[in-house]
Amino acid sequence: MVQSVITLTGAGTMNHLVMIADVIGSRQLANRGQVQTLLEAELHTLHKDRTGLASPYTITLGDEFQAVFKGADRVFPDILAILRALHPVGLRFALGIGPITTRINPEQAIGMDGPAFYQARDLLERMKKDRRILAVAGLPEDDGLQESALGLLDHQLRKWRPNRLDILRLLLQGWEAGTIADHLDITEQSVYKNIREGGLEHAIQLTQALTGRMNNALARTD
């Protein structure tokens, strides 16, 4: 049997952001195979742009996947894209910030270890008990605002329909309302209605603030 050779890059002492996510209640899904196929296809699409990724999205179990990020700028748009692709199936996203003590694997998000992975894994297990779908561990600021902000975003993500998830994702990526309407084949009025009724301007401010905090934490060295 021919074994593939994976080149690893240096780990260093810089912080990384680790995402560990899973499909909620996947074993009870009647269309589990279809959901797994949709997940694989969406992760493959996200792989096409490696910007900000230190180690790409990798399915580690049938219903669980992970990735390592250099920066946080693409994290929320990616989460929205995955939620949109699998809607109405629910997912959980645990984000852990900290060092990785092994070498970074640029080919698959496997075979790595360190506090960033521990935090994400522990957080995911806690989320299964308190039913959150989005949480972050490892941010140094402890003023209560980020937990409240994440709680509000978590609450909204559970309710939004696919178009609203797409609209927020594209707004976060800098798209204009008219371009979004053309891309989604809806009217521009419908885009503005989603922005207004979903409070998407506030959601953008919230996600941008959280992204800034995550990037600040990633810039710290341990």
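A cavity here is a set of grid points where a 1.4 Å probe fits but cannot get out, and its lining residues have an atom within 4 Å of a point. Please keep in mind that this is a predicted model.

**The cavity**

- A search of the whole structure turns up one cavity of 30 Å³ or more.
- The volume of the largest cavity is about 40 Å³.
- Which residues line the largest cavity? They are Phe76, Ile79, Leu80, Leu134, Leu153, Leu157, Leu168 and Thr207.
- Helix α2 provides the largest share, with three residues.
- Sorted by class, the lining of the largest cavity has seven nonpolar residues, one polar residue and no charged residues.

**The largest pocket**

- The largest pocket holds about 300 Å³ of space.
- Its lining is made up of 15 residues, and those nearest the centre of the pocket are Leu46, Asp49, Arg74, Asp78 and Gln173.
- Both α1 (32-47) and α2 supply at least two residues each to the lining of this pocket.
- By class, the pocket lining divides into four nonpolar, five polar and six charged residues.

**Helix α5 against helix α8**

- Helix α5 (residues 162-172) packs with helix α8 (residues 200-219) at an angle of about 55 degrees, and their axes are 10 Å apart.
- The two helices are therefore oblique to each other, and their crossing is right-handed.
- On the α5 side, the contact involves Arg164, Ile167, Leu168, Leu171 and Leu172, while α8 brings Leu200, Ala203, Ile204 and Thr207.
- This contact of α5 with α8 counts seven nonpolar residues, one polar residue and one charged residue.

**Helix α4 against helix α8**

- Helices α4 and α8 pack at an angle of about 135 degrees, with 10 Å between their axes.
- That angle makes α4 oblique to α8.
- Is the crossing of α4 and α8 left-handed or right-handed? The crossing of α4 and α8 is left-handed.
- From α4, the residues in contact are Leu145, Gln146, Ala149, Leu150 and Leu153, and from α8 they are Leu206, Thr207, Leu210 and Arg213.
- By class, the contact of α4 with α8 has six nonpolar residues, two polar residues and one charged residue.

**Helix α5 against helix α7**

- Helix α5 also packs with helix α7 (residues 188-197), at an angle of about 90 degrees and with the axes 10 Å apart.
- This makes α5 roughly perpendicular to α7.
- Arg164, Ile167 and Leu171 of α5 meet Val191, Asn194, Ile195 and Glu197 of α7.
- The classes in the contact of α5 with α7 are four nonpolar, one polar and two charged residues.

Note on methods
Residues numbered from 1 in each chain as written. Predicted model: local features only at pLDDT ≥ 70, side-chain atom pairs only at ≥ 80, totals over all residues. Heavy atoms only, no water. Axes fitted to C-alpha atoms, helices over the stretch in contact; angles between N-to-C directions. Helix = DSSP H or I, 4+ residues; strand = E, 2+ residues; numbered from the N terminus. Parallel < 35°, antiparallel > 145°, perpendicular 65-115°, else oblique. Left-handed = near helix turned anticlockwise from the far one by under 90°. Contact = heavy atoms within 4.5 Å. Nonpolar A, V, L, I, M, F, W, Y, C, P; charged D, E, K, R; others polar. 1 Å grid on protein atoms, 1.4 Å probe; cavity = no way out; pocket = protein on both sides within 12 Å on 5 of 7 lines; lining within 4 Å. Points joined across faces, edges and corners; volume = space filled by probe spheres on them.
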